[in-house]
Amino acid sequence: MGEAGKGEKRVDYMNLPCPLPFEEIQREALMSLKPELFEGLRFDFTKGLNHKFSLSHSIFMGSTEVPSQSKDTIKIPTAHYEFGANFLDPKLMLVGRVLTDGRLNARVKCDLTDNLTLKINAQLTNEPHFSQGMFNFDYKGSDYRTQFQIGNNAFYGANYIQSVTPHLSLGSEVFWLGHQRKSGIGFAARYNKDKMVATGQIASTGIVALSYVQKVTEQGSLASDFMYNHMTGDVTSSFGYDYIFRQCRLRGKIDSNGVVAAFLEERLNMGVNFILSAEIDHLKKDYKFGFGMTLGE
Amino acid sequence: MSSSLSRRGRGEGEGEGVLGPISRSPIVVRGREAAAEAATVAKKLLRSTGKAAWIAGTTFLVLFVPLIIEMDREQQLNELELQQATLLGGPSPALPPPPPSK
């Protein structure tokens, strides 16, 4: 206690906090800089039948982009209805979604023991050879986490992340793709203080990704992100802000590809949210605007 | 345009003997070319300024106008609450729960 009064605590290396999972290492930057932008109308309705079970209905009408070889973007107007069911228990979570264009998503998260978690992620489609499934086994230790993944197409992956100081955690991952006989290794680091988070990731697939998030006021934070792909020579950098007010959440970002985007979620009433999404691509002259509503808790 | 002027000058005969050679002199020709180039540069400058103004204007509209509007609303809400707190003289009204953050 006397040492804490001096303003400097001795670091207890035996009692480090548990780090974030490896795939969530860039969580703050991803949440601020990559909102779910859409074009068209989106309507979600969630109805709770029980305190554990809920159903959701969702409608989307708008254009989706089809990747094309030429410089022009091809937009195809699509519309679909999605029905979903969620079961939430402290130890078991089941989420299923069915869409009218023939896709089925399922997610299972099960706590087998206090420290061991099983996650299953599956996506089935009408088109042959496009379905995917992935099994994840997560083990959480006192100051480390490790995960083992098995996916279809003979995909095997493993990652490990460890806290080395109360603010810094380092991790690494390896993966192996059976069908293409490709393997890769990657390293990641995350430095976390009260008001800032800095992360870096480098992988043998030739990707370097850095991010930095700083909380400037109690309502808003700024984020920046840098990604370099050695294989294709792409370099992308983006800057954005994320403001959380009492009635709304506003995220905006500007990119080095000349893309400006904004995403607003505003609370009109208890359980009624209004969503606006805007994306302007100045170089390709592509403009996408969407609006929607979300009902339900 | 300059060729038709000089043709007219020559067609009129010796009455235009002063203006014809002047308009064909190198200084005047160079001056005319410089004016044409200046007009081209000014047109390009105007077009690129217009493009820059469009990009700056739409970017400001998408990125900052919603932020200004929301900050203004937040400030108004705070002032209203402060007013109500001082009017009632009691504890300030309970804050509504924060919006969902996905």
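**Salt bridges, the A–B interface and a pocket**

Over all chains, the rule counts 20 salt bridges, each a side-chain nitrogen of Lys or Arg within 4 Å of a carboxyl oxygen of Asp or Glu. The model is predicted, with local features needing pLDDT of at least 70 and side-chain atom pairs counting only at pLDDT 80 or more, while totals for chains, interfaces and linings use all residues. Residues are numbered from 1 along each chain as its sequence is written, chains are lettered from A in the order in which they are written, and side-chain values use heavy atoms, without hydrogens and water.

**Salt bridge within chain A**

- E23(A) pairs with K119(A) in a salt bridge whose closest N and O atoms are 3.8 Å apart.
- Because E23(A) lies in the loop between α1 (2-5) and α2 (27-33) of chain A and K119(A) in strand β6 (residues 116-124) of chain A, the pair ties together parts that are 96 residues apart in sequence.

**Interface of chain B and chain A**

- In contact (heavy atoms within 4.5 Å) are 22 residues of chain B and 26 residues of chain A.
- The two chains bury about 2,300 Å² between them, 61% of it on carbon and sulfur atoms; buried area is the accessible area (1.4 Å probe) that two parts lose on being put together, summed over both.
- Three salt bridges cross this interface.
- E266(A) forms a salt bridge with R73(B), with 2.1 Å between the closest N and O atoms.
- On the side of chain B that touches chain A, α3 (26-63) and α4 (65-88) of chain B each supply at least two residues.
- The most comes from α4(B), with nine residues.
- By class, that side of chain B has 13 nonpolar, four polar and five charged residues.

**Second largest pocket**

- The second largest pocket holds about 910 Å³ of space; a pocket is an open set of points on a 1 Å grid where a 1.4 Å probe fits, with protein on both sides within 12 Å along at least five of seven lines.
- Its lining (residues with an atom within 4 Å of a point) has 43 residues, with Q26(A), Q201(A), I207(A), A209(A) and M227(A) nearest the centre.
- Strand β11 (residues 182-192) of chain A gives the largest share of this lining, six residues.

Key:
Helix = DSSP H or I, 4+ residues; strand = E, 2+ residues; numbered from the N terminus. Nonpolar A, V, L, I, M, F, W, Y, C, P; charged D, E, K, R; others polar. Points joined across faces, edges and corners; volume = space filled by probe spheres on them.
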